[in-house]
Amino acid sequence: MCGRVYIKSTLDGLLREFSFAERQAVEGMANQLPRYNGAPSLTYPIIITDVIRDPDVFGPTFVSARWGLMPRWMKATGRPPVNARCEGIATNGLFKQAYRSRRCLIPIDGFFEWKDIYGTGKNKQPYAIAMRSGEPFALAGLWETWRDPKTDEDIRTFCVITCPPNEMMATIHDRMPVVLDRADYERWLSPEPDPSDLMKPFPAELMTMWPIDRKVGSPRYDAADILNPVDPEA
């Protein structure tokens, strides 16, 4: 799964790295980045293209969205999924419509995962995972617009797609988020209904990971030193 990410870039830095996308809809997020310990239910900048449903979007555009996918029909009491498994995503009733026509890019600098050291679920070592180059990258996601029945406000939401792990990730977990190659961004955002071949493990040799302090477990802790490597034996 993927339940925590980090964005160490400023908003301006992120917009420069993904300069193919328009920036008009996320200016209000400048004071929310960097975010070193990003959890579900928070708002993030994502990239969508949806000229049919959103007249303000003419091609790839940065917009803000809340992590936790909520289709329009979902009740407010439901628990929104933060991940969608790539297997069966084209036929799963919760995800199939968004997969066909509301795919998105989720720009980040890295994500976190926990290794169950003894297989008991009680002693887990967290790891930070990023590109070996240190560059920001994009996860594959889905987005929806949910209308809050109390306020009648439309809220854009999203989830991260996961796939089996690459060789590096397999040493700590049995899933990983779908990381997209830059050459595939345009196709992922295109009207193509089923780009299933893009939902695959990213090459392990282009990625890196390192153990970090367990304070990452608290979403309230959001400081740069969360990314400092530690000695897991200590």
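This text walks through the aromatic rings of the structure and then turns to one arginine. The model is a predicted one.

Start with the rings. The structure holds 8 aromatic pairs. One of them joins Phe-20 and Tyr-185. Their ring centres are 5.9 Å apart, and their planes meet at 40 degrees. An angle under 30 degrees would count as stacked, and one over 60 as edge-to-face. The pair is therefore called tilted.

Where do Phe-20 and Tyr-185 sit in the chain? Phe-20 is in the loop between α1 (11–17) and β2 (22–25). Tyr-185 belongs to helix α3, residues 185–189. Phe-20 is partly exposed, at 38% relative accessible area. Tyr-185 is buried, at 5%. The pair also belongs to a cluster: ring pairs link Phe-18, Phe-20 and Tyr-185.

Now move to another pair, Trp-67 and Phe-158. These rings are stacked, with 10 degrees between the planes and 6.1 Å from centre to centre. Trp-67 lies in strand β5 (residues 61–67), while Phe-158 lies in strand β11 (residues 153–163). The pair therefore ties together parts that are 91 residues apart in sequence. Is Trp-67 buried or exposed? Trp-67 counts as buried, with 3% relative accessibility. Phe-158 is buried as well, with a relative accessible area of 1%.

Rings also meet charged side chains. Arg-35 lies over the face of Tyr-44, 4.7 Å from the ring centre. The charged end of Arg-103 sits over the ring of Tyr-99, at 5.7 Å from its centre.

Arg-4 lies in the segment before β1 (5–7). This residue is buried, yet it has no salt bridge. Which side chain of opposite charge is nearest to Arg-4? That is Asp-222, 8.8 Å away. A salt bridge needs a side-chain nitrogen within 4 Å of a carboxyl oxygen, so Asp-222 does not qualify as a partner for Arg-4.

What polar contact does the side chain of Arg-4 make with a side chain? The partner is the side chain of Asn-37, at 2.9 Å. The backbone of Val-216 takes part as well: its oxygen lies 2.7 Å from a polar atom of the Arg-4 side chain. Beyond its close sequence neighbours, Arg-4 touches several residues, among them Phe-111, Phe-112 and Trp-114. Trp-67 is also touched by Arg-4, and Trp-67 is the ring that stacks with Phe-158.

Conventions
Residues numbered from 1 in each chain as written. Predicted model: local features only at pLDDT ≥ 70, side-chain atom pairs only at ≥ 80, totals over all residues. Heavy atoms only, no water. Phe/Tyr/Trp six-rings, centres within 6.5 Å; stacked < 30°, edge-to-face > 60°. Helix = DSSP H or I, 4+ residues; strand = E, 2+ residues; numbered from the N terminus. Buried < 20%, exposed > 50% of the residue type's maximum accessible area, 1.4 Å probe, protein only. Lys NZ or Arg CZ within 6 Å of the ring centre and 35° of its normal. Lys, Arg positive; Asp, Glu negative; His and termini not counted. Polar contact = N/O pair within 3.5 Å; in protein donor to acceptor, adjacent residues only side chain to side chain. Contact = heavy atoms within 4.5 Å. Lists of a residue's contacts leave out its neighbours within four places in sequence.
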